[in-house]
Amino acid sequence: MNTNNAAEEHERTRRNWVSQRAVAWAIDEAPVPSDLLLTLIVIARRCDENGKGSCQSKAALQAGTGKSEAQVTRDIRELLKLGLIRLGDQSLPGKLGFRP
């Protein structure tokens, strides 16, 4: 496999990877209000094994939760306020080729 194909395969795998550990934390341990739980799970499922790196668009969160853009925005704001999520390097998704 050449370097370009390996990088493409890594990105495909990364985008589809599910963090069982982060999802289990969201369900079993996170002190999250029930109305925010689904949004937290959808965010958690795309984390790495350390609970980091879930770079998803609001549209992806909408699709995963069935919520409106306004509700997803409110959920993110509340999850940030509760300290259950935090923003990472906001320029990183663009550098990795993710579209907003």
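**A colleague's note on the helices and their core**

1. Let me start with Val23: its relative accessibility is 16%, under the 20% cut-off, so Val23 counts as buried. Please keep in mind that this is a predicted model. Val23 belongs to helix α2. Setting aside neighbours within four places in sequence, Val23 is in contact with Ile41, Ala44 and Arg45. Val23 and Leu40 are 17 residues apart along the chain, and their C-alpha atoms are separated by 8.3 Å.

2. Here is the overall layout. The protein chain has 6 helices and 0 strands, and along the sequence this gives the pattern α-α-α-α-α-α. Of its 100 residues, 25% count as buried. How much of the contact with a separation of 6 or more comes from residues 24 or more positions apart? Such pairs account for 53% of those contacts in the protein chain.

3. Next, the core. The largest nonpolar core has 18 residues, and the members that touch the most other members are Val32, Leu40, Leu61, Leu79 and Ile85. At least two residues of this core come from each of α2 (20-28), α3 (34-44) and α5 (69-81). Which helix gives the most to this core? That is α3, with 6 residues. As general background, nonpolar side chains in soluble globular proteins tend to be buried together.

4. Not counting residues up to four places away in sequence, Ile85 touches Leu40, Ile43, Ile76, Leu79 and Leu80. Leu40 and Leu79 from that list are also, like Ile85, among the core residues that touch the most other members.

5. Now the meeting of α3 with α5. Their axes come within 10 Å and cross at roughly 85°. That angle falls in the range of 65 to 115 degrees, which means α3 is roughly perpendicular to α5. On the α3 side the contact uses Asp35, Leu36, Thr39, Leu40 and Ile43, and on the α5 side Asp75, Glu78 and Leu79. By class, the residues of this contact divide into 4 nonpolar, 1 polar and 3 charged.

6. Thr39 is worth a point of its own. Apart from residues up to four places away in sequence, Thr39 touches Thr65, Lys67, Asp75 and Leu79.

7. A polar atom of the Thr65 side chain lies 3.1 Å from the backbone nitrogen of Lys67. Not counting residues up to four places away in sequence, Thr65 touches Leu38, Thr39, Val42 and Val72.

8. The axes of α4 (residues 58-65) and α5 come within 9 Å and cross at roughly 100°. Because angles of 65 to 115 degrees count as roughly perpendicular, α4 is roughly perpendicular to α5. Which residues meet here? Lys58, Leu61, Gln62 and Thr65 in α4 meet Glu69, Val72, Thr73 and Ile76 in α5. The contact of α4 with α5 has 3 nonpolar, 3 polar and 2 charged residues.

Conventions. Residues are numbered from 1 along each chain as its sequence is written. This is a predicted model: local features need pLDDT of at least 70, side-chain atom pairs count only at pLDDT 80 or more; totals for chains, interfaces and linings use all residues. Side-chain values use heavy atoms; hydrogens and water are left out. A nonpolar core is a set of buried Ala, Val, Leu, Ile, Met, Phe, Trp, Tyr and Cys residues joined through side-chain atoms within 4.5 Å. Buried means under 20% relative accessible area, exposed over 50%, partly exposed in between (1.4 Å probe, protein chains only). Helices (H or I, at least four residues) and strands (E, at least two) are DSSP runs, numbered from the N terminus. Contact means heavy atoms within 4.5 Å. Axes are lines fitted to C-alpha atoms, for helices over the stretch in contact, and angles run from 0 to 180 degrees between N-to-C directions. Angles under 35 degrees count as roughly parallel, over 145 as roughly antiparallel, 65 to 115 as roughly perpendicular and the rest as oblique. Ala, Val, Leu, Ile, Met, Phe, Trp, Tyr, Cys and Pro count as nonpolar, Asp, Glu, Lys and Arg as charged, and the others, Gly among them, as polar. A polar contact is a pair of N or O atoms within 3.5 Å; within protein, one must be able to donate a hydrogen and the other to accept it, and residues adjacent in sequence count only if both atoms are side-chain atoms.
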